[in-house]
Amino acid sequence: MDFLNAIIVLFNFTVIPALAYGSQLALGAIFVTLIYAVLRFANFATGDMMSFGTMFAVILTYYFQSLGIGLGVLPTALLTIPFAILMMILYMLIIDKFVFSYYRIKKSPPVQFAMVSVGVMFVTQALIRIIIGPSDRRFLDGEKFIIKATEFKEITGLTEGITLKSTQAITIIVTLIVVSIMFWFLNRTKTGTSMRAYSDNEDLALLSGIDPKRVVLITWVIAGILATIGGVLYGLDKSYRPFVYFNNMLPIFAAAIVGGIGNPFGAFLGGYVIAFAEIFVTYAYKRFISYLLPEHLEPDSLLQLLSTDYKFAVSFSILVVVLLIRPSGIFKGKVI
Amino acid sequence: MKNYKNVIAAYSIMIFLIILVGIFQSWSIALTILNYCLISAVMTIGANIQWGYAGLINFGIMGYTALGGLAVVLVSVEPVKKAWQVGGLNILACIWIIVAIIFIVKFILNRFDKSKLRNYSVASVILGGIILLRVTAAPGIEAIESVDPAKTGFLGGMGLPVLFSWIVGALLAGSLAFVIGKIALGLRADYLAIATLLIAEIIVSIIKHEEWLARGVKNVIGLKRPAPYEIDLQTSEWFINLVAKFNSSKLSLINSISDKQEALNQMVINASSVYVKLCFTGLFLTVVIILLIVTQKALYSPWGRKMRAIRDNEEAASAMGKNIVKEHLLIFILGSAIVGLAGAMMVTNDGLFTPGSYRPMRYTFVIWVMVIVGGTGNNFGAILGGFVVWFLWVEAAPIALFLINLFTSNLPETNAVRVHLIESAPYFRFLVIGIGLLLIMRYRPQGIIPEKIIKQ
């Protein structure tokens, strides 16, 4: 019984949150990696673009709520995602038309692209703050929990319970659906293949009659979908605050590079690698160990490798180590 | 002289703008802006050395700035003797453990060939070291942080004059840059940007959360100053006489003695803050001018030519026998040290150290915008960039407010759009900076004052 309790403690406080957080990171990391693979630059506006899409979802959620439209037990935000995605794609295409396309045609070095994306970051951040303001917003409605700890304890008779928030379940399920559709698209359809070809060798792709404009358009569409869904899921799970989204860019970058930048599958797994590392390193194992050990051996300290303040630092250290040992990432992305 | 015409014009406009602020808002605000412009200028000189001279993209400016700030605390604050007694030994032991870990790892790396076993042993040494560190440090840290936690709760500094900390800040930042450069400089440009950004974030989170070091997010206030304090000035005879002399024409218009005294008091209070800021301006201006002369000399020396050659064509420079790795590392250290100096200057100017305020937006990206807007590879341009962008950053909100009021003046006071816009006026600075950067990148990629190569 104690062993089961120990497993459940670990599951409840590390595995479930890490899976949810990892899914959110994974969506962002695939977004970064796609832009990097096809458009060939590190997009420093990542976090703010995700925030921009989420902003529309938040506004529309409030609007739908005022109209009385909802999804019952599911959050209304899910209903608004398609509209938010449309707005997001529109914004991205406008930005691409007026900013990025010029440098793409000029074949500017990636550094210049990165600096331009910093400019886009500033503008996006300004627009978000002007439209919705910098404050913290919760827009989750519907059922909050799927399994509550007390219910779980009653059913199983264990002393430890599992809490499964509905947002966590939604995050994991939606991520799996979106990512599988995306991989199917990239690997099985003709458009997806042309995108990969363009990413591998631009000149050869152009030679074989692939329309670069179309590839770029499709990339921004997919990017818009990923950014908005990733952003909304994060916002539902935690809360929507523009500043936090900007900061999330950093672990997302770490995930993309750890997984091998330019490699979508690597980015997907990289998200989970980062999330699990962050949570496992900063989790206090005291309760877990005390179930496994006999009573007189119970530890006094929290048995925490690093305090939770260093959550971000953990993922960044992993990134630094990966860059040092295997710069192309765990799953062989573009070579540096 | 002809070459410098546009430089002089640009700087005159900038100074004119600051004088305008002095006239329309207040001289105190104008001097605050000027001081921050000068600090930003030092930062941009540092970033410009890396980006403009050598083409290294360093998004870790925030980290070096914070480290420079930390130096001020470590140098100028009086040591907390009691904290040293209760926990100093543990901290010293920890430093030795860190040194030992580094030496063991180095030894393993040098001694054995590349293999899986070597990687695992390095990892286990580091992991074991961290656990050992935690065990050694925990009681010491707890003891230090419980020493009068409302006021101290940290080890304190060395109690030396604050100006000395500027040098220490530069040294600290430079030595950190040495470590980071060793790790990251081999990476391609955009990877280097991301890596430095994240490493800076790690540094700031360490400064934030290690409260025994510099009180972390509890902040250190009341730092020493290289300038006199306002309170002292307001009571000193010579200063009051000086103010009275300056304003004698204004004062002579007032008839009653009590009114005169009151007016004089008000003037003395205003003048004291202006005087203190002027002292800082003088100090900062000296630093900027010294740096400008040194960097300018370096830029047109054989060394500067070598750096430009490496920047423009690494392979060719390498073929000519230049050691690119070494030069990159050197310039990375130099630039970072200057940024560290700026960080120390800024904390000295503020008189307080607030680790929570170090955010990449303000301390990395805005500085980069300064370098790019001003002119990469040109020191005059970089300094001008620091002035222009900082000026916009501060004055964008009041200007936006003014414009909003102007354009919505025929709307009623309670109009929702108008109220919303007025509330969000502070965020127009992001918009102005962002659009400014995009426009400059597009239409004048060399910046306002482009790089000038003097051919001998």
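In the predicted model, 33 residues of chain B are in contact with 36 residues of chain A, where contact denotes two residues whose C-beta atoms, placed from the backbone, lie within 7 Å. On the chain B side, α7 (189-209), α16 (360-374) and α19 (428-443) each supply at least two residues. The largest share, 13 residues, comes from α7(B). By residue class, the side of chain B that touches chain A divides into 25 nonpolar, four polar and four charged residues. Nonpolar here covers Ala, Val, Leu, Ile, Met, Phe, Trp, Tyr, Cys and Pro, charged covers Asp, Glu, Lys and Arg, and the others, Gly among them, count as polar. Helices (H or I, at least four residues) and strands (E, at least two) are DSSP runs, numbered from the N terminus.

The model is predicted: local features need pLDDT of at least 70, side-chain atom pairs count only at pLDDT 80 or more, and totals for chains, interfaces and linings use all residues. Residues are numbered from 1 along each chain as its sequence is written, while chains are lettered from A and ligands numbered from 1 in the order in which they are written.

Chain A contains 13 helices and two strands. Its radius of gyration, taken over C-alpha atoms, is 21 Å, close to the 20 Å given for 336 residues by the globule rule, so chain A is as compact as a globular protein of that length. The globule rule is 2.2 Å times the number of residues to the power 0.38. The C-alpha trace of chain A spans about 70 × 55 × 35 Å along its principal axes. Of the 336 residues in chain A, 46% count as buried, a residue being buried if 20 or more other C-beta atoms lie within 10 Å of its own, exposed if 12 or fewer, and partly exposed in between, with C-beta atoms placed from the backbone. Among contacts in chain A with a separation of 6 or more, 75% are accounted for by residues 24 or more positions apart.

Chain B is divided into domain 1 (2-79 + 156-443) and domain 2 (80-155), with bounds from an automatic or database domain assignment. The domain centres, taken over C-alpha atoms, are separated by 34 Å. Seven residues from domain 1 of chain B and 12 residues from domain 2 of chain B take part in the contact. The domain 1 side divides into four nonpolar, one polar and two charged residues.

In the loop between α8 (211-214) and α9 (230-235) of chain B lies B:R215, a residue other than glycine with a positive phi near 65°. B:R215 counts as buried, with 25 C-beta neighbours inside 10 Å. B:N219 is also placed in the loop between α8 and α9 of chain B, and its phi is likewise positive, near 65°. B:N219 is partly exposed, with 14 other C-beta atoms within 10 Å.
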